[in-house]
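Biologist: I have the sequence and the structure open. Can you walk me through a few parts of it?
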Amino acid sequence: MSTRGALTASHFQPIDPQPDDTKPMLNQTNKTLARIRTELLTTFSAADWESYNYLVRWLQETDVASHALKVGDHAPNFLLPDSDGRLHSSEELRRKGPLVLSFFRGGWCPFCTAELCALQAAKDEFESVGATLAVVTPETRDFPRQLKRSLRLDLTVLSDVDYGVAMSYGVLFRVPDEIKAHYTGLGFDFGARHGSPEWMLPIPATYVIDAEGRIRSAFVEPDFTIREEPAQILASLRQVASTSG
């Protein structure tokens with residue numbers, strides 16, 4: 001695939017660490033993720049479409065998603081830092097009830113930021129059925145904190161240092177050279193954003209994990225533009241609640 005001049009016209013814009021007086025971004029929470037996806041796809045440049053089609057086809061052909069954990073599997077335990085450097089364990093996050101754990105690519109991805117805003121809007125409903133919400137990104141340094149501030153998020157954003165948790169869930173892949181060239185052309189340096197020389201990303205995935213650590217719902221999608229709707233996550237949580245105790 002090529003990485004010619006259209007790259008500079010791409011709609012992909014990163015959220016980078018900024019001074020504390022940066023104006024926060026406004027959220028839109030009255031649309032489904034499917035509708036937002038449709039709108040975002042209309043902004044794709046020719047190079048975006050080429051990269052998108054290549055990556056999705058590559059992920060499908062290499063069957064990366066088949067390695068992801070599934071319903072009934074035991075969720076691996078972890079200990080990760082949040083955007084303020086505080087450590088959170090999976091056992092702690094599940095202490096009061098089920099855990100919604102969502103993997104996203106980073107603040108540079110508009111489909112990820114749309115998903116985070118939708119999860120923020122649904123957070124109170126999740127908590128009303130006793131659930132805890134946490135999101136996991138490979139981004140480190142000040143990127144998660146700035147992401148929260150820019151999107152006005154009140155979420156637990158965890159940095160997957162050295163990609164260990166995404167790997168244990170089977171949702172991690174090494175970025176193909178063709179895609180690396182595309183994102184490099186857009187000015188992204190995942191090595192710097194992730195604190196690792198290895199360019200790796202998670203397939204967007206959302207898990208509902210019960211208090212005992214068993215996966216009760218799994219949404220894993222190689223097409224990074226498609227995310228699970230919060231309404232479906234809530235339905236899974238209610239199903240967990242109805243079969244607990």
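Modeller: Let's start with Arg 141, which counts as exposed because its relative accessibility is 59%. Keep in mind that this is a predicted model.

Biologist: Where does Arg 141 lie?
Modeller: Arg 141 is in the loop between strand S4 (132–137) and helix H5 (143–151).

Biologist: What is phi of Arg 141?
Modeller: Phi of Arg 141 is near 55°. That is a positive value, and Arg 141 is a residue other than glycine.

Biologist: What separates the C-alpha atoms of Arg 141 and Gly 85?
Modeller: A distance of 9.5 Å separates those C-alpha atoms, while Arg 141 and Gly 85 are 56 residues apart along the chain.

Biologist: Now Asp 63. Where is Asp 63 found?
Modeller: Asp 63 is in the loop between H2 and strand S1 (79–81). Phi of Asp 63 is near 55°, a positive value in a residue other than glycine.

Biologist: Change of topic: helices. Which residues of helix H1 are buried?
Modeller: In H1, which runs over residues 33–41, the buried residues are Leu 33, Ile 36, Leu 40 and Leu 41. They cover an arc of only 135° around the axis, so they are on the same side of H1.

Biologist: What covers the buried residues of H1?
Modeller: The cover includes helix H2 (46–62), helix H4 (110–128) and helix H9 (230–243).

Biologist: Take H4. At what angle do the axes of H1 and H4 cross?
Modeller: The axes of H1 and H4 cross at roughly 155°, and they come within 10 Å. H1 is therefore roughly antiparallel to H4. The crossing of H1 and H4 is right-handed.

Biologist: Which residues meet there, in H1 and in H4?
Modeller: From H1 there are Leu 33, Ile 36, Arg 37, Leu 40 and Leu 41. From H4 there are Pro 110, Phe 111, Ala 114, Glu 115 and Ala 118. By class, the contact of H1 with H4 has eight nonpolar residues, two charged and no polar ones.

Biologist: And H4 with H9: at what angle do those axes cross?
Modeller: The axes of H4 and H9 cross at roughly 25° and come within 10 Å. H4 is therefore roughly parallel to H9. The crossing of H4 and H9 is right-handed.

Biologist: Which residues of H4 and H9 meet?
Modeller: Ala 118, Leu 119, Ala 122, Glu 125 and Phe 126 in H4 meet Pro 230, Ile 233, Leu 234 and Leu 237 in H9. The contact of H4 with H9 has eight nonpolar residues, one charged and no polar ones.

Biologist: Last one, Pro 204. Is Pro 204 buried or exposed?
Modeller: Pro 204 is buried, because its relative accessible area is 4%, and buried means under 20%. Pro 204 is found in the loop between strand S7 (200–202) and strand S8 (205–209).

Biologist: Leaving aside neighbours within four places in sequence, what is Pro 204 in contact with?
Modeller: With those neighbours left aside, Pro 204 is in contact with Phe 103, Arg 105, Phe 219, Val 220, Glu 221, Phe 224 and Arg 227.

Biologist: How many residues apart along the chain are Pro 204 and Leu 172?
Modeller: Pro 204 and Leu 172 are 32 residues apart along the chain, and their C-alpha atoms are separated by 9.3 Å.

Key. Residues are numbered from 1 along each chain as its sequence is written. This is a predicted model: local features need pLDDT of at least 70, side-chain atom pairs count only at pLDDT 80 or more; totals for chains, interfaces and linings use all residues. Side-chain values use heavy atoms; hydrogens and water are left out. Helices (H or I, at least four residues) and strands (E, at least two) are DSSP runs, numbered from the N terminus. Buried means under 20% relative accessible area, exposed over 50%, partly exposed in between (1.4 Å probe, protein chains only). Contact means heavy atoms within 4.5 Å. The arc is that of the directions from the helix axis to the C-beta atoms. Axes are lines fitted to C-alpha atoms, for helices over the stretch in contact, and angles run from 0 to 180 degrees between N-to-C directions. Angles under 35 degrees count as roughly parallel, over 145 as roughly antiparallel, 65 to 115 as roughly perpendicular and the rest as oblique. A crossing is left-handed if the near helix is turned anticlockwise from the far one by less than a right angle, and right-handed if clockwise. Ala, Val, Leu, Ile, Met, Phe, Trp, Tyr, Cys and Pro count as nonpolar, Asp, Glu, Lys and Arg as charged, and the others, Gly among them, as polar.
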